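Me: I would like to go through this structure with you, one topic at a time. Could you begin with the terms we shall need?

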Amino acid sequence: MTVDVTPAVREFLLAIADDKHLMGQQHAEWIGVTPFLEEDLAFCSIGQDELGHAALLYELLAGDDDAAIDSLAYDRGADEYRSCHLVELATDDWTVAFARHWLFDTADQHRWTLVSQSTVPELRDVAARVEREERFHRMHADNMLDVLLADATARDRFVTAVAALAPLTQGLFEPVPGEAEAVATGVAAGPFAAEWDAFVETIEARIGAVDWGSAPSQAQRTQRSNDWQALMARMREVIDLDLSATW
Amino acid sequence: MIDLELAVHTAIASVDDPEYPGVSIVDLGLLERLDVTDSGHVHVGLIPTFSGCPALAMIRDDVQDAVSMVHGVDRVEVEWLRAPVWTVDRIDPETRAVIGREFTVAVRIGTAAPECPRCGAPTTEESMFGPSRCRSVNRCTACAETVEVMRS
């Protein structure tokens, strides 16, 4: 079943879906190499949820034909993706990966709050399911933060990782094509940028003041960062082995 | 008509959850809607435990195959519904006992500590995430058994 939205609103929904898709992939790449078993399980489960949420949105946009959903997820040109640079960033540092998980899921809660009041009933349904699962992500991050922030060395490393990600984090809130129309038609209750102050308050209440730096140049998410191509190549690795194969 | 609907329901109930061989997806509360027309057109609406569950396509195919075999069925559509959200309350009470006994899996109802399926003592959480999307890992405070906990 597809949702009846304008091409502009479709772009707006793609931004949410693409962030979730790439975030899910990033988490999945930690399976087997996180510092300890519980985090392996956590990143595996959280990654699966993010991919599941992306799939729910892609399905709303592409219909329930699996090939059409896959095509939307994997076959667009670089400038047609709407991911932010934070979720495209490559890192082999688990502290950075964990900090990103916390920043992303905190921001994600704000974003879905806007969509949970949508005039589109299918989006309200998806928002309800997403929130039930995201609750576990935030609980996981909170529990881990209780442990990390109580230790001076761990706290330093974590705060440094957040500082390194702070500029890219602003890109998560940048207006995207179609957002104004989505807000005007009630698809979203407000622009994502309207949530920035509340987001910053949540983050800084936990770790103190953050220098957020200057936002990345991502041209309303129409430009990909340097890390995107390699990430997409890894995601497409099996598909590209044989483009004629049926999945 | 009623007989056909009953036969279709029985066919759906014959599909096991891949995580729990021998346990029906109907008893786990995944069947939300079933429409059967006189002309044998069947529409099945299922809801997933968690949206990222990798078993969704497999379960859908299993239901499709099982219902297609029913005499009198002409066309089958199986759909994963976006709503309602699945909760552990949907698991049949008898099934809770079975997955406790056969798989050492407890079900978290409300906020109370899940009980150990082996000895009945309370369990405490070891890991919020477990071997599948719908389960965390607990340990029994009395017999030290590792207990997986279904939650929603």
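Reply: Two residues are in contact if their C-beta atoms, placed from the backbone, lie within 7 Å. This is a predicted model, in which local features need pLDDT of at least 70 and side-chain atom pairs count only at pLDDT 80 or more, while totals for chains, interfaces and linings use all residues. Residues are numbered from 1 along each chain as its sequence is written, and chains are lettered from A and ligands numbered from 1 in the order in which they are written.

Me: What share of the contacts in chain B with a separation of 6 or more comes from residues 24 or more positions apart?
Reply: Such residues account for 51% of those contacts in chain B.

Me: Which elements does chain B have, and in what order do they run?
Reply: Chain B has three helices and nine strands, in the order α-β-β-β-β-α-β-α-β-β-β-β from the N terminus. Helices (H or I, at least four residues) and strands (E, at least two) are DSSP runs, numbered from the N terminus.

Me: How far does the C-alpha trace of chain B span along its principal axes?
Reply: The C-alpha trace of chain B spans about 55 × 25 × 20 Å.

Me: Which strands form the open sheet in chain B?
Reply: Four strands form that sheet, in the order β6-β9-β8-β7 of chain B, with mixed pairing. Two strands pair if DSSP finds at least two bridges between them. The edge strands, each pairing on one side only, are β6 (105–107) and β7 (123–127) of chain B.

Me: In what sense do β6(B) and β9(B) pair?
Reply: β6(B) and β9 (residues 146–150) of chain B pair in the parallel sense, over three bridges. B:Val107 stands opposite B:Met150 in β9(B).

Me: Turning to the interface, how many residues of chain A are in contact with chain B?
Reply: 20 residues of chain A are in contact with eleven residues of chain B. On the chain A side, α2 (37–62) and α6 (121–148) each supply at least two residues.

Me: Now α1(A): is this helix mostly covered or mostly uncovered?
Reply: α1(A) is mostly covered, with 17 of its 22 residues buried (20 or more other C-beta atoms within 10 Å of a residue's own; exposed is 12 or fewer, partly exposed in between; C-beta atoms are placed from the backbone).

Me: What follows α9(A)?
Reply: α9(A) is followed by A:Gly208, whose phi is positive, near 85°.
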